Amino acid sequence: MPSQPRIYMLHRVLKSYDPNNYYFHRNTAISWERFLNLLDEIQGNGWTTRPISYISSGYTSRDIFITFDDGYSDNREALDEILRRGMLATVYPARDFVKNRFSPIDDMAHHLMAEPVISKEIGESLLNGRLKKILRAISAPRYRYLRNKWFGIEQDAMNPFLFMTEELLLHYSKLGVEVGIHGSSHRVFTQLPKSSLMNEITDSVNWILNLTNIYPKSICFPHGKHDIEVVALSLKHTNLLLGVEGGSFCTPVLPRIHIKEHENVRT
């Protein structure tokens, strides 16, 4: 058995590549063409796709795990294609994104792409990650307050259909797509007090369990951030913990390969 399973990390799958699109700039989107090429390569190599929970029972070098973060609605077409090919995947929706149809980072990204009120300096700060580091640690109400205070923006810019619905998540769960824990608010776990962190995890667990009638078997850390305390609390729920490629890792967190528009799959 290989020392590490081969786990692919994806976020959005958009119709076509656009270098001016925030999501492509931040490497959180790939084009439909890139996605189909990825699936073709998996099948061409003779690999078998598995849900993340399969790792607990053992895996081989021929097994591969496809994951989608956050629960974007454009994952629907991607999941349909995966299922059409007889493949499997695991999704990690953020509860509040699905239930409230809103995400601070995505809202600011949409303002960036549509609003002249966002200055070039602020746009660059969001694109290079400095502003994102602030946004990923605050709640939606706090974000809306600061957005109005800093930029004078009162209205949300997001498409209310940016994220999948609970009905869609249940639909795919019934078809064999695994649903894992990704927190309730998607805030960085390492920046939360212990009580808030416990609520982030347990609220997400209860939401998924009530929605799908299946206890979630893995945790994918929002933004990949974790430390010893986060890992210890997470292990009370599951021993399958996922991070992101290139970050610092605490045992037993598993790294994932970040699939980007202009990178080839590692063989």
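This is a predicted model: local features need pLDDT of at least 70, side-chain atom pairs count only at pLDDT 80 or more; totals for chains, interfaces and linings use all residues.
Helix H5, spanning residues 104–114, packs against helix H8, spanning residues 140–151, at an angle of about 30° and with the axes 10 Å apart. Because angles under 35 degrees count as roughly parallel, H5 and H8 are assigned to that class. On the H5 side, the contact comprises Pro104, Asp107, Met108 and His111, which meet Ala140, Tyr143, Arg147 and Phe151 of H8. By class, five nonpolar, one polar and two charged residues make up this contact. The spacing of such positions can be read against helix geometry: an α-helix has 3.6 residues a turn, so residues three or four places apart point the same way.

Helix H5 is largely enclosed by the rest of the structure, since eight of its eleven residues are buried. The buried positions are Pro104, Ile105, Asp106, Asp107, Met108, Ala109, His110 and His111. Among them, Pro104, Asp107, Met108 and His111 are also the H5 residues that meet H8.

Eleven aromatic pairs are found in a search of the whole structure. One of the pairs, formed by tyrosine 72 and phenylalanine 163, is stacked, with 5.0 Å centre to centre and 25° between the planes. This pair links distant parts of the chain, 91 residues apart: tyrosine 72 lies in the loop between strand S5 (63–70) and helix H3 (75–84), and phenylalanine 163 in the loop between H8 and helix H9 (166–174). Both tyrosine 72 and phenylalanine 163 are buried.

Phenylalanine 102 and tyrosine 143 form a tilted pair, with a centre-to-centre distance of 6.0 Å and 45° between the planes. Distant parts of the chain are again linked, at a separation of 41 residues, with phenylalanine 102 in the loop between helix H4 (95–100) and H5, and tyrosine 143 in helix H8. Phenylalanine 102 has a relative accessible area of 6% and is therefore buried; tyrosine 143, at 1% relative accessibility, likewise counts as buried. Tyrosine 143 is also one of the H8 residues that meet H5.

The stacked pair of tyrosine 72 and phenylalanine 163 belongs to one aromatic cluster formed by Tyr22, Tyr23, Tyr72, Phe97 and Phe163.

Terms used. Residues are numbered from 1 along each chain as its sequence is written. Side-chain values use heavy atoms; hydrogens and water are left out. Axes are lines fitted to C-alpha atoms, for helices over the stretch in contact, and angles run from 0 to 180 degrees between N-to-C directions. Helices (H or I, at least four residues) and strands (E, at least two) are DSSP runs, numbered from the N terminus. Angles under 35 degrees count as roughly parallel, over 145 as roughly antiparallel, 65 to 115 as roughly perpendicular and the rest as oblique. Contact means heavy atoms within 4.5 Å. Ala, Val, Leu, Ile, Met, Phe, Trp, Tyr, Cys and Pro count as nonpolar, Asp, Glu, Lys and Arg as charged, and the others, Gly among them, as polar. Buried means under 20% relative accessible area, exposed over 50%, partly exposed in between (1.4 Å probe, protein chains only). Rings of Phe, Tyr and Trp (its six-membered ring) pair if their centres lie within 6.5 Å; planes under 30 degrees apart count as stacked, over 60 as edge-to-face and the rest as tilted.
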